[in-house]
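Please look first at the sequence and the model together, and then follow the paragraphs below, which go from the whole chain to single residues.

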Amino acid sequence: PLLFWVPFTEVIQITQHIPTLLISAALGALAFIAGLQAATYLPLSISTSYSRTATLIATIALGFIFLQEVLTPKQLLLFGLLLCAVIGLSLVRNNHEHLDSTKTPLGIVFALTAGSIATAGFFFFTKLAKAVHPFVASYF
């Protein structure tokens, strides 16, 4: 139903941006796979918090590199609090018999990779949403 409000000429503009669409989709799929792998080695709450933290760090880096955006002191404070919360959550020891504790570092790597790859996928999707009608980008 989203495409009912978009002129057909704007819908077919997506064909000019298929490589960007495919890159965004492939990065999203890779991030999903890496996130699933992280969840096999870490508790879900910890793998998700690591992944979202990596997404935040990568987003800040992209904003600084491409948009010359700098965090305000208040944003830096909140970012520091977030990092402390993630570290605190990581240090809480729960008994998870189904997880192999020797593979925890591998889970951390997968979680951080998932967040970083997801950020790249969002970046390409944002480029696509700026090039075509946002409804068209979200539909495909």
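What share of the 140 residues of the protein counts as buried? The answer is 27%, where buried means under 20% relative accessible area, exposed means over 50%, and partly exposed lies in between, with a 1.4 Å probe and protein chains only. This is a predicted model, in which local features need pLDDT of at least 70 and side-chain atom pairs count only at pLDDT 80 or more, while totals for chains, interfaces and linings use all residues. Residues are numbered from 1 along each chain as its sequence is written, and side-chain values use heavy atoms, with hydrogens and water left out.

The secondary structure consists of six helices and zero strands, and along the sequence the pattern reads α-α-α-α-α-α; helices (H or I, at least four residues) and strands (E, at least two) are DSSP runs, numbered from the N terminus. The radius of gyration of the protein is 18 Å, whereas a compact globule of 140 residues would have one near 14 Å; this radius is taken over C-alpha atoms, and the globule rule is 2.2 Å times the number of residues to the power 0.38. Taken along the principal axes, the box that the C-alpha atoms fill is roughly 55 × 40 × 25 Å.

The accessible surface comes to about 9300 Å², and 73% of this surface belongs to carbon and sulfur atoms; such areas come from the Shrake-Rupley method with a 1.4 Å probe, and for residues only the protein chains shown count as cover. Among contacts in the protein with a separation of 6 or more, 85% are between residues 24 or more positions apart, a contact being heavy atoms within 4.5 Å.

An α-helix has 3.6 residues a turn, so residues three or four places apart point the same way.

Leaving aside neighbours within four places in sequence, L21 is in contact with I14, L128 and F140. By contrast, L21 and G107, which are 86 residues apart in sequence, lie 29 Å apart in space, C-alpha to C-alpha.

In helix α3 the reader can find S47, which is buried because its relative accessibility is 4%. Apart from neighbours within four places in sequence, S47 is in contact with A38, A39, L42 and A111. T59 also has its place in helix α3, but is partly exposed, with a relative accessible area of 42%.

Helix α5 holds T119, a buried residue with a relative accessible area of 4%. What does T119 touch, not counting residues up to four places away in sequence? The residues are A54, T55, A58, T59 and L62.
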